[in-house]
Amino acid sequence: MIKVEWLYWLIGLIFVVMAVQMAADRTNPKRWTSAAFWGLLGLTFPYGTGVVNAELNAAAPGSASWTLPAEPLGVAVLALIVLAGFNFIGKGVPVTTTDEQRQASAARLGSKLFIPALTIPLVAIVCASFLDESGLFETGKATLIGLGLGCIVALAVGMFVTGEKRISVPIHSGRSMLEAMGSALLLPQLLAVLGSIFAVAGVGTQVGTVVDDVLPGNSKYLAVIAYCVGMFLFTVIMGNAFAAFPVMTAAIGWPVLIQQMHGNEAAVLAIGMLAGFSGTLCTPMAANFNIVPASLLELKDQYGPIKAQLPTGLALLVCNIVIMALFAF
């Protein structure tokens with residue numbers, strides 16, 4: 001059985017390999033601290049498995065194979081925060097082809113360049129649709145494992161299409177992209193964890209109490225507006241709809257719209273998430289969507305993508321409110 005943990009270990013290994021490359025890159029003025037950040041991050045992936053095993057073993061003695069204490073993992077997370085927070089992450093000069101070489105390669109390959117990108121969703125769909133119950137994958141993880149396998153297959157396909165025979169070339173290219181994105185790459189994961197912490201801390205319950213005091217009783221349309229606008233605003237604040245979702249769903253989505261007003265669960269929750277995604281278009285907190293592209297494209301205005309997307313985000317919010325009010329009940 002292929003386990004999703006193996007995919008995480010592979011990601012961690014890639015980070016470690018790139019960290020070694022960074023340490024050897026003398027064009028990076030912060031090469032040692034950059035290598036420390038990404039290498040430490042890579043090591044947390046397999047180490048995290050041992051921490052989870054320890055928790056499983058505590059709940060059901062004898063169920064876990066190998067276990068590790070959680071405290072070093074917490075220290076590693078704090079070290080990552082220090083390295084990123086004090087701007088100890090730099091980037092070197094990427095080893096790449098010239099503009100003329102890239103233009104010639106693009107003209108030669110043409111539409112074939114899209115084949116690797118299309119391979120990823122194709123493999124993921126096949127795994128999720130046809131192999132989910134085959135026993136080949138860990139139960140309930142076929143889609144995620146398929147996504148990882150799709151990336152591996154796409155790498156092989158991309159090397160075949162371009163005629164590249166050295167695995168070091170895509171690794172170097174990936175490292176250049178990693179250095180360009182910086183620690184913002186981790187922001188979605190951190191914000192998703194923040195949403196879980198808010199949910200456990202009862203923030204959603206408190207928001208629900210405030211909403212109950214403010215909204216008139218049995219007002220479906222106002223409740224829909226409160227849920228969608230709340231998802232939008234929390235996403236703007238937290239930068240990630242997945243972080244806003246547990247808070248607003250615990251406050252309004254589940255207790256009010258579904259249990260009290262008998263809304264369709266799938267429709268309410270799916271449209272609510274889309275309302276949150278509308279907020280993703282409008283916030284610098286969604287750095288990997290809005291700030292990183294501006295940096296990669298070397299735009300003069302780092303908030304240019306947000307300014308361009310703001311009208312669309314607000315229009316989508318209104319559309320989601322109308323769709324939920326008309327079709328979710």
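## A pocket lined by helices

The lining of the second largest pocket is made up of 18 nonpolar, five polar and no charged residues. Here Ala, Val, Leu, Ile, Met, Phe, Trp, Tyr, Cys and Pro count as nonpolar, Asp, Glu, Lys and Arg as charged, and the others, Gly among them, as polar. This pocket holds about 1100 Å³ of space. Of its 23 lining residues, Leu 41, Phe 45, Leu 186, Gln 189 and Leu 190 are the closest to its centre. Helix H1 (4–24), helix H2 (31–59), helix H3 (71–85) and helix H8 (187–201) each give two or more residues to the lining.

On a 1 Å grid over the protein atoms alone, a pocket is an open set of points with protein on both sides within 12 Å along at least five of seven lines, while a cavity is a set of points where a 1.4 Å probe fits but cannot get out. Lining residues have an atom within 4 Å of a point. Grid points are joined across faces, edges and corners, and a volume is the space filled by probe spheres set on the points.

## The model and its overall build

This is a predicted model, in which local features need pLDDT of at least 70 and side-chain atom pairs count only at pLDDT 80 or more, while totals for chains, interfaces and linings use all residues. Residues are numbered from 1 along each chain as its sequence is written, and side-chain values use heavy atoms, with hydrogens and water left out.

The protein chain has 14 helices and zero strands; these are DSSP runs (H or I, at least four residues, for helices; E, at least two, for strands), numbered from the N terminus. The C-alpha atoms fill a box of roughly 65 × 55 × 45 Å along the principal axes. Of the 329 residues, 36% count as buried, meaning under 20% relative accessible area, with exposed being over 50% and partly exposed in between (1.4 Å probe, protein chains only). Among contacts (heavy atoms within 4.5 Å) between residues at least 6 apart in sequence, 68% join residues at least 24 apart.

Helix H10 (residues 220–238) packs against helix H14 (residues 304–327) at an angle of about 145°, with the axes 9 Å apart. The axes are lines fitted to C-alpha atoms over the stretch in contact, and angles run from 0 to 180 degrees between N-to-C directions. Residues making this contact include Tyr 221, Val 224 and Phe 232 of H10 and Leu 314, Leu 317 and Met 324 of H14. By class, the contact residues are 12 nonpolar, two polar and one charged.

The whole structure has one cavity of 30 Å³ or more. About 40 Å³ of space lies in the largest cavity, and its lining has three nonpolar, three polar and three charged residues. Among the lining residues are Asp 25, His 172 and Arg 175.

Gln 21 sits in helix H1. This residue counts as buried because its relative accessibility is 15%. Leaving aside neighbours within four places in sequence, Gln 21 is in contact with Ile 171, His 172 and Arg 175.

Lys 3 is found in the segment before H1. With a relative accessible area of 41%, Lys 3 is partly exposed. Not counting residues up to four places away in sequence, Lys 3 touches Glu 138 and Ile 145. The C-alpha atoms of Lys 3 and Leu 136 are 9.0 Å apart, although 133 residues separate the two along the chain.
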